[in-house]
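Morning, everyone. Let's look at one chain today, then go inside it. Here it is on screen.

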Amino acid sequence: MKGIAGDGSKDAPLSRNGGFRIVLAAAILMTAGNKLYELILPLMMYELTHSSVAMATMRTAELLPNLFFAVLIGVLVDRSNKKAWTIGMIAIQGLLLLVLVWLYRTGTVFLPAYYGIGFLLMTFGYGYFNVQGSLTKLAVPDSQLGQANARLSAVETTVGLAGPALSAVLLLPDLSGGLLATAVLYLLCLLPISWLRLSEAAGRSSGAGFKAELLESWRFFREHKPLRTFTLFILFANCSMTVAGTAMIYFAKDELRLSSFLLALILSLTGAGGLAGSYAAPRLRRLLGTGKCYGIVMLLFMASYLLFGSAQGPIWFGIAAFLYGMAAALSNVTVYTYRLEQTPAALMGRVLGITGTFFRLGMPAAMLLSGFVMEHAGSRIIFWGCLAWNLILFLSWSTTSLWKAGPQHLVPGPVAVD
């Protein structure tokens, strides 16, 4: 299998892997933009409406595309020219953000327009995320996937550290300034992507037809029991993680009365925790195995929910944000690396699509329901509910074969594909 962008050999160190360096550069620019966008859009909805329901509805609109289109996008990615696909996904997101800036600056308060743009942004954002997984699989040998994903997560988290702080500066004059900066970063990302020289034969699907290719990937997923088990638990864990991620912003604004500037600065601690989790992930997986590493993820989330629910001021809120960021990063590296290790390159887009759909299956309903709960009962009940939910998940996870498997069973290898 040939690499990309003149890396010479897939067995070369990551520092000399040209294809991976380009994927990493694009990830840095996209992450910088994403960190601005993720914080600013909920704040924009709060400023326009002062409603937790409106904030939750926006998050629900952003979650629906992955539920509806992830599998379709996975098939299209496996069949596509990945360089052209990546350029298209990024460019469209940049243009949508410019439209959002125009709506806000012209004083438009037609909420369906904001929800629609949020829906489209996430649709094309997932299109980029899916193909990034395929590019990583093509550029990096299986033996280096854990290292590559940890490095991607660490670099993205490091960039994310500056995201909230930069947001604090950009938020001072006008919320839309952050979205404009995001659009510029997205469009700048087109430059490194244009340098890709891609040999995609090993990452291209068989061309047997949409239905046949979809069934091929579904058969692989159905026969891979550990991956199915992991996917089921992440489905339930993601419900609480997403709800808590939105609740913390509403909680900080509505109950702690933090300014947008102070909130953005404190949320930098989420990035600091994420950086710690990214660097710890490869070592924890080697020492403990995938199952126990993910068990630590659940414990960290529980600790963060406990602190969020108890917080009376910015200090405990900041500590909770740090633990939340650490858990999220450790989860991302563990889950994402395991999927890449277990999936053949030719099935990567489709398997990412299938598992991604399951990951988000319960998130829209949980997100929408949480908005009404916060509106009538406050934010703290959300954190206590997330804590109880994750305790049940942890006790269940400790009975699975993945938990019982030691580090020697870290990578049992992909299931054969007919």
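Start with the fold. The protein chain has 17 helices and 0 strands; helices (H or I, at least four residues) and strands (E, at least two) are DSSP runs, numbered from the N terminus.

Some ground rules. This is a predicted model, where local features need pLDDT of at least 70, side-chain atom pairs count only at pLDDT 80 or more, and totals for chains, interfaces and linings use all residues. Residues are numbered from 1 along each chain as its sequence is written, and side-chain values use heavy atoms, with hydrogens and water left out.

Now packing. Of the 418 residues in the protein chain, 58% are buried, meaning under 20% relative accessible area (1.4 Å probe, protein chains only). Take contacts (heavy atoms within 4.5 Å) with a separation of 6 or more: 86% of them join residues 24 or more positions apart.

How many cavities of 30 Å³ or more does a search of the whole structure find? It finds 2. A cavity here is a set of points on a 1 Å grid over the protein atoms alone, where a 1.4 Å probe fits but cannot get out.

Take the second largest cavity. Its volume is about 40 Å³, counted as the space filled by probe spheres set on the points. Lining residues (an atom within 4 Å of a point) include Val23, Thr86, Tyr128, Gln132 and Ile193. Helix H1 (18–49) and helix H4 (111–139) each supply at least two lining residues. H4 gives the most, with 4 residues.

Note on methods: Buried < 20%, exposed > 50% of the residue type's maximum accessible area, 1.4 Å probe, protein only. 1 Å grid on protein atoms, 1.4 Å probe; cavity = no way out; pocket = protein on both sides within 12 Å on 5 of 7 lines; lining within 4 Å.
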